[in-house]
Amino acid sequence: MSKLNPNYEASKWRKIERFVNGEEISDNPNLSKHEEEIREASQEDKERNEQFEATITDLEDRIQKERKRSIEALYRKYEKWPQTKGIKIFTHIYRILAVLFCVCIISVLLMTVSYLPTFGDASNPNNNEVPKRYIEKGIEETGAINFVAGMILDYRAFDTLGESHVLFIAACCVLILLRIDHSKNGKKPTEKAEAEEDDRKFEPKNDKILQKIASLLIPPIIIYGIYVVLNGHLSPGGGFSGGAIIGAGLILYLNAFGYEKIEKFFTYKTYQRITVGALLFYACAKSYSFYTGANHLESGIPKGIPGNILSSGLILPLNVAVGLVVACTMYGFYTLFRKGGM
Amino acid sequence: MGGNLLTNFYEAVAVILFGIGFTTLLLHRNMIKKILGFNIMDTAIYLFLAVKGYITGGMAPILTNGVEEQAYYINPVPSGLVLTGIVVSVSVTALMLALTIRLYRRYHTLDIDKMSMLAKKEDL
Amino acid sequence: MEVFEIILLLFLIVCAIAVSFSKNLLTTIIIFMSYSLIMSIIWILLKSPDLAITEAAVGAGVTSVLFFVTLKKIRAMKEEDNDEQA
């Protein structure tokens, strides 16, 4: 320890220390006496302080409540911001900038378009050896008259498998987002009942005109869809378009006749079985063709005569599988949106 | 400037449609309008791709008159790509609409600004 | 033939702009539906009938129906809110 100056209390350093500590500075040497008095007084004060502290915590609570209220008021102000002048100017500037930005993008892209090769020219660089192979060897190798079907279901069938999985995963995501649970814990059944009640508000109650016209229209629509799916390798169409047509027919049936009729032949279980079965079949068929060398030269499946309905090897069953997946997904989207379940 | 702007009018229209769709996506605060703008962008790109595969005087890529020559048909590759793309765009649209319904159920508004405001309020 | 193509393409642009400008959401979706139909005619002119069938069934049919159902759901929820407030 350092030596203490006996005159420390009166020294300048002590003064500075007091100044730093925020105590009263005076030149009175008898300060210590005063301090003792002050200490005695402060002990009395302590009791009072305890009372004060209680009131202070009370006040702090009140202040916090006040602050929360003011922030909420600020947000209320924010909500009215779109009507105030400042934000109007801001949205104006934002809109002008957005339009300018898009005009810039369009002009840059138009510049690029003006340098592209001529439209419809047979010597364009994208008409290279790939489409040449697809067209000139396509019938021999795949047996499909429709080159597009031969391409997407034979040469690029793996791509199409991934794409039907995209559909399946999208349907699963919509199911997670919109499905109302059937479980029996307290609240949920009422929610389900409410949703179904909502749905019934908009369901046609035995609309005669709609039902008559639907019963005339639905068979041709679904038969046309099946035709498009089965003739995918012979004529325009295929799994995707035919499946979408069948799905649209099912949606019309549901709208005209209601859930009771359609649940006789199409429920959630049918959806599950058809979709998973079709995807599994697709995956197995394609892995089989990969197992045999991925080039279909020795797959053992007869090609048949090009032009017959039973020809072109695996393309017809794959078309049917894709069509089933697409039809079920389209119908599933619609029912999930409408009542949150199938 | 290359001189092909007028002969490439299909591509020009596809590019303009892309721009219009993008503007709709940026300008509107309504979620459904935004999704529609997104769909317009989709179709613009499909138009561009399909136009690149077109050959003047070519037939549809289905065997006609027994001819197996490349120059007789249009290019089938863009058709195949766009065919899968159209179906994927439907599933993406359905997913976005499902999210919109969930957001409406929670915040009772379609306006994206109000939605983010309410979300901030919930964090307090 | 080229005049017909140009008319269709102009119709496409007009439809796309109308989608951006119309105020009513239902009208907007119907305009988008007609846009998809015109697009399917253009696919036929571009000699891709596969795309035309798919676009007519999917773009004009299923997508628009999904939009309609979404609007209907949202209106039902809006009515519920109004009932609660009243």
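These legends go with a set of close-up views of a predicted model. Residues are numbered from 1 along each chain as its sequence is written, and chains are lettered from A, ligands numbered from 1, in the order in which they are written. In this predicted model, local features need pLDDT of at least 70 and side-chain atom pairs count only at pLDDT 80 or more, while totals for chains, interfaces and linings use all residues; side-chain values use heavy atoms, with hydrogens and water left out.

View 1. Chain A has 12 helices and zero strands (helices are DSSP runs of H or I with at least four residues, strands are E runs of at least two, both numbered from the N terminus). Read from the N terminus, the elements go α-α-α-α-α-α-α-α-α-α-α-α. Of the 342 residues in chain A, 37% are buried (buried is under 20% relative accessible area, exposed is over 50%, and partly exposed is in between, with a 1.4 Å probe and protein chains only). Take the contacts in chain A with a separation of 6 or more: 65% of them join residues 24 or more positions apart (a contact means heavy atoms within 4.5 Å). The accessible surface of chain A is about 21600 Å², and 61% of that belongs to carbon and sulfur atoms (areas come from the Shrake-Rupley method with a 1.4 Å probe; for residues, only the protein chains shown count as cover).

**View 2. Gln211(A) and the residues it touches.** Look for Gln211(A) in helix 9 of chain A, which covers residues 208–230. With a relative accessible area of 18%, Gln211(A) is buried. Leaving aside residues up to four places away in sequence, Gln211(A) touches Asn206(A), Ala256(A) and Phe257(A).

**View 3. Lys52(B) meets Glu11(B).** Over all chains, the structure holds five salt bridges (a side-chain nitrogen of Lys or Arg within 4 Å of a carboxyl oxygen of Asp or Glu). One of them pairs Lys52(B) with Glu11(B), the closest N and O atoms being 3.1 Å apart. Lys52(B) sits in helix 2 (residues 31–52) of chain B and Glu11(B) in helix 1 (residues 9–27), so the pair ties together parts that are 41 residues apart in sequence. Lys52(B) counts as buried at 15% relative accessibility, and Glu11(B) counts as buried at 1%.

**View 4. Asp113(B) reaches a loop.** Here Asp113(B) makes a salt bridge with Arg29(B), with 3.5 Å between the closest N and O atoms. Distant parts of the chain are linked by this pair: Asp113(B) is in helix 4 (residues 112–123) of chain B and Arg29(B) in the loop between helix 1 and helix 2, 84 residues apart. Asp113(B) is partly exposed, at a relative accessible area of 39%, and Arg29(B) is also partly exposed, at 34% relative accessibility.

**View 5. Arg106(B) and Glu122(B), side chain to side chain.** These two side chains meet in a salt bridge, 3.2 Å from N to O. Arg106(B) belongs to helix 3 (residues 76–107) of chain B and Glu122(B) to helix 4 of chain B, 16 residues apart. Arg106(B) counts as exposed at 55% relative accessibility, whereas Glu122(B) is partly exposed with a relative accessible area of 43%.

View 6. On the side of chain B, helix 1, helix 2, helix 3 and helix 4 each give two or more residues. Helix 3 of chain B provides the largest share of that side, 18 residues. By class, that side has 36 nonpolar, 15 polar and eight charged residues (Ala, Val, Leu, Ile, Met, Phe, Trp, Tyr, Cys and Pro are nonpolar; Asp, Glu, Lys and Arg are charged; the others, Gly among them, are polar).

**View 7. Where chain A touches chain C.** The area buried between chain A and chain C is about 1700 Å², with 72% from carbon and sulfur atoms. Zero salt bridges turn up across this interface, and three residue pairs are in polar contact, both at pLDDT 80 or more. Helix 8 (187–202), helix 10 (239–262) and helix 12 (315–339) of chain A each supply at least two residues of the side that touches chain C. Helix 12 of chain A gives the largest share of that side, six residues.

Terms used:
Buried area = accessible area lost by both parts, 1.4 Å probe. Polar contact = N/O pair within 3.5 Å; in protein donor to acceptor, adjacent residues only side chain to side chain.
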